[in-house]
Structures are given as C-alpha cells and as structure tokens.
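Trainee: I have a new structure open and would like to go through it with you. Could we start with the overall picture and then move on to details?
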Amino acid sequence: METATTAMPATAGAATAGRAPARRAFRTAKILVGTYGALGAVVLLTVVVLAATGHEVTSFMWGRSAGVLASAAVAYWLTVLAARGARWAYLRVRIISVVMPVVIVAIDLIPGALPVWFIAMQAVCALAIGATAFITNGSELRAAFPEGR
C-alpha cells in the first residue's frame with residue numbers, strides 16, 4: 001500500500017518522463033549530479049584529513065564543503081523525483097543546476113578566502129553540476145514537462 005508521501009501524482013510529466021529520450025536524459029542527469037556529490041564528498045574528506053593531520057582548515061572551508069555535499073544530496077533527490085514525473089522537482093533541479101555553479105565560482109573568487117587547491121576542487125564540482133544544467137534545460141526534458149495552464 002502506498003502512502004501519501006511516496007505516491008506521485010498523475011501529471012503530464014509523469015506520462016512523458018517515461019519516454020526513452022527523457023529517460024536517457026534523466027539517467028545522464030543522475031550520473032552528473034552523482035558525480036557532483038562524489039566530488040563534494042572528496043572535498044569534504046580532504047578537509048577532514050587535513051584537519052586530522054594538523055593542517056590549517058578554516059570554518060569557511062568546513063561550511064563550504066559541507067554545503068556543497070548537502071546541495072548535491074538535495075539535487076540528487078530532486079532529480080530522482082523528477083525522473084518519476086514530478087514537475088515541481090524538475091523545475092527545482094533546473095534552478096539548482098544553473099545557480100549552484102555560479103554560486104560556487106563566485107564564492108571561490110573572493111580574494112584570499114580559500115586556498116588554491118580548495119578552489120580547484122570546488123571548480124570541478126561546479127563543472128559537474130553545471131553540465132547538468134545543459135541536460136535539464138535541454139529539449140528532451142522540457143518537452144517531457146510542458147508548461148501547464
């Protein structure tokens with residue numbers, strides 16, 4: 001028996017998100033968001049190791065790396081829901097995939113706030129989630145979730 005929290009409403013997106021081009025696009029999007037999460041985990045793990053070995057690690061680095069990992073978890077969850085046909089989740093993935101790379105790069109450009117190695121690792125994260133924007137804003141997925149009303 002399905003509960004109200006797991007049942008997906010019948011929407012136009014639910015019907016068309018199951019088509020082959022949309023499924024392929026979502027598969028690619030999940031891989032890219034998963035890569036974003038894995039890279040975010042590597043950044044956080046690097047900060048943990050550096051802190052454990054006595055190297056200087058700022059609270060800003062802790063917050064940034066944890067924030068990126070948390071945003072990756074949310075983005076992946078939303079991508080999975082969108083692949084199941086949830087238009088609201090699809091719209092949020094589109095927004096996150098465009099906004100996060102800009103935010104990551106903008107914060108990385110604050111002079112002297114972060115070490116170069118950290119900026120480089122965060123930039124690679126931005127590339128992964130930025131690539132997702134091209135998939136989620138592509139014609140296959142926009143056609144799967146036409147504007148309603």
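Predicted model: local features only at pLDDT ≥ 70, side-chain atom pairs only at ≥ 80, totals over all residues.

Trainee: What share of the contacts with a separation of 6 or more comes from residues 24 or more positions apart?

Mentor: Residues 24 or more positions apart account for 78% of those contacts in the protein.

Trainee: Let's look at two helices, then. At what angle do the axes of α3 and α5 cross?

Mentor: The axes of helix α3, which covers residues 59–83, and helix α5, which covers residues 116–136, cross at roughly 15° and come within 12 Å. Angles under 35 degrees count as roughly parallel, and therefore α3 is roughly parallel to α5.

Trainee: Is that crossing left-handed or right-handed?

Mentor: The crossing of α3 and α5 is left-handed.

Trainee: And which residues make the contact?

Mentor: On the α3 side the contact is made by Met-61, Arg-64, Ser-65 and Val-68, while α5 contributes Trp-117, Phe-118, Gln-122 and Cys-125. Sorted by class, the contact of α3 with α5 has 5 nonpolar, 2 polar and 1 charged residues.

Trainee: Switching topic, how many aromatic pairs does a search of the whole structure find?

Mentor: The search finds 4 aromatic pairs. One of them joins Phe-26 and Phe-145, whose ring centres are 6.1 Å apart and whose planes stand at 85°, so the pair is edge-to-face. This pair links distant parts of the chain, since Phe-26 sits in helix α2 (residues 20–52) and Phe-145 in the segment after α6 (139–144), 119 residues apart.

Trainee: Are Phe-26 and Phe-145 buried or exposed?

Mentor: Phe-26 counts as buried because its relative accessibility is 3%, and Phe-145 is buried with a relative accessible area of 3%.

Trainee: Which type of pair do Tyr-90 and Phe-145 form?

Mentor: Tyr-90 and Phe-145 form a stacked pair, at 4.4 Å centre to centre and with 15° between the planes. Here too distant parts of the chain are linked, with Tyr-90 in helix α4 (residues 87–108) and Phe-145 in the segment after α6, 55 residues apart. Both Tyr-90 and Phe-145 are buried.

Trainee: What do the ring pairs link Phe-26, Tyr-90 and Phe-145 into?

Mentor: Through ring pairs, Phe-26, Tyr-90 and Phe-145 are linked into a cluster.

How values were computed:
Residues numbered from 1 in each chain as written. Heavy atoms only, no water. Axes fitted to C-alpha atoms, helices over the stretch in contact; angles between N-to-C directions. Helix = DSSP H or I, 4+ residues; strand = E, 2+ residues; numbered from the N terminus. Parallel < 35°, antiparallel > 145°, perpendicular 65-115°, else oblique. Left-handed = near helix turned anticlockwise from the far one by under 90°. Contact = heavy atoms within 4.5 Å. Nonpolar A, V, L, I, M, F, W, Y, C, P; charged D, E, K, R; others polar. Phe/Tyr/Trp six-rings, centres within 6.5 Å; stacked < 30°, edge-to-face > 60°. Buried < 20%, exposed > 50% of the residue type's maximum accessible area, 1.4 Å probe, protein only.
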